[in-house]
Amino acid sequence: MSKLSISLTMITLLAAAGVAAPAHAEDVLINRVQQEKGMDLPARGMSMDQVEKKYGAPQRKLTPRGGDSAKHPVINRWDYSNFIVYFENSHVIHAVLNTPAGNNTNPSSAN
């Protein structure tokens, strides 16, 4: 087998692998977004007090990050059993499911 033939085979295999991976990742992301839409997660703009009144106390409140400048506001993260809430200063900016579909499979490992 010539070097050209081996190179073409490798390129074909790599291209096929590259096409399959994004398709799977997109499916996982779509499923996660659909699952989040069906859940009662804290809405963007809710205050910390409103979140705590509606959902109870979080299992964990992580140490705030940022706050060193106007471009880096204070970000807080609260961990609940099924979801994680991110706050900018004291208002919700995002809430996500705590599932293996994302990079938050073990939220207790980050602080």
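User: What should I know before reading the model?
Analyst: The model is predicted, so local features need pLDDT of at least 70 and side-chain atom pairs count only at pLDDT 80 or more, while totals for chains, interfaces and linings use all residues. Residues are numbered from 1 along each chain as its sequence is written, and side-chain values use heavy atoms, with hydrogens and water left out.

User: How many salt bridges are there?
Analyst: The count is four. A salt bridge here is a side-chain nitrogen of Lys or Arg within 4 Å of a carboxyl oxygen of Asp or Glu.

User: Which residue does Asp40 bridge to?
Analyst: Asp40 pairs with Lys54, and their closest N and O atoms are 3.3 Å apart. Asp40 sits in the loop between α1 (3-37) and α2 (48-55) and Lys54 in helix α2, so the pair ties together parts that are 14 residues apart in sequence. Helices (H or I, at least four residues) and strands (E, at least two) are DSSP runs, numbered from the N terminus.

User: How accessible is Asp40?
Analyst: Asp40 has 48% relative accessibility and counts as partly exposed. Buried means under 20% relative accessible area, exposed means over 50%, and partly exposed is in between (1.4 Å probe, protein chains only).

User: What does Lys61 pair with?
Analyst: Lys61 forms a salt bridge with Glu52, at 3.7 Å from N to O. Lys61 is partly exposed at 48% relative accessibility, and Glu52 is partly exposed at 28%.

User: And Arg77 with Asp79, buried or exposed?
Analyst: Arg77 is buried, with a relative accessible area of 15%, and Asp79 is buried at 4%. Their side chains meet in a salt bridge of 3.2 Å, N to O. Arg60 joins Arg77 and Asp79 in a network of salt bridges.

User: Switching to the sheet. What is the strand order?
Analyst: The order is β1-β2-β3-β4 in an open sheet of four strands, with antiparallel pairing. Two strands pair if DSSP finds at least two bridges between them. β1 (60-61) and β4 (91-97) are the edge strands, each pairing on one side only.

User: How many bridges join β1 and β2?
Analyst: Two bridges join β1 to strand β2 (residues 75-79), in the antiparallel sense. Lys61 stands opposite Trp78 in β2.

User: Which strands does α2 touch?
Analyst: α2 packs on the sheet and touches β1, β2, β3 (83-88) and β4. Contact means heavy atoms within 4.5 Å. The direction of α2 makes about 5° with that of β2; axes are lines fitted to C-alpha atoms, for helices over the stretch in contact, and angles run from 0 to 180 degrees between N-to-C directions.

User: Now the rings. How many aromatic pairs?
Analyst: There are three aromatic pairs. Rings of Phe, Tyr and Trp (its six-membered ring) pair if their centres lie within 6.5 Å; planes under 30 degrees apart count as stacked, over 60 as edge-to-face and the rest as tilted. One of the pairs is Tyr55 with Phe83, edge-to-face at 5.5 Å centre to centre and 75° between the planes.

User: Why does that pair tie together separate parts?
Analyst: Because Tyr55 lies in helix α2 and Phe83 in strand β3, the pair ties together parts that are 28 residues apart in sequence. Tyr55 is buried at 18%, as is Phe83 at 9%.

User: What about Tyr80 and Phe83?
Analyst: Tyr80 and Phe83 are stacked, 4.7 Å centre to centre with 20° between the planes. Ring pairs link Tyr55, Tyr80 and Phe83 into a cluster.
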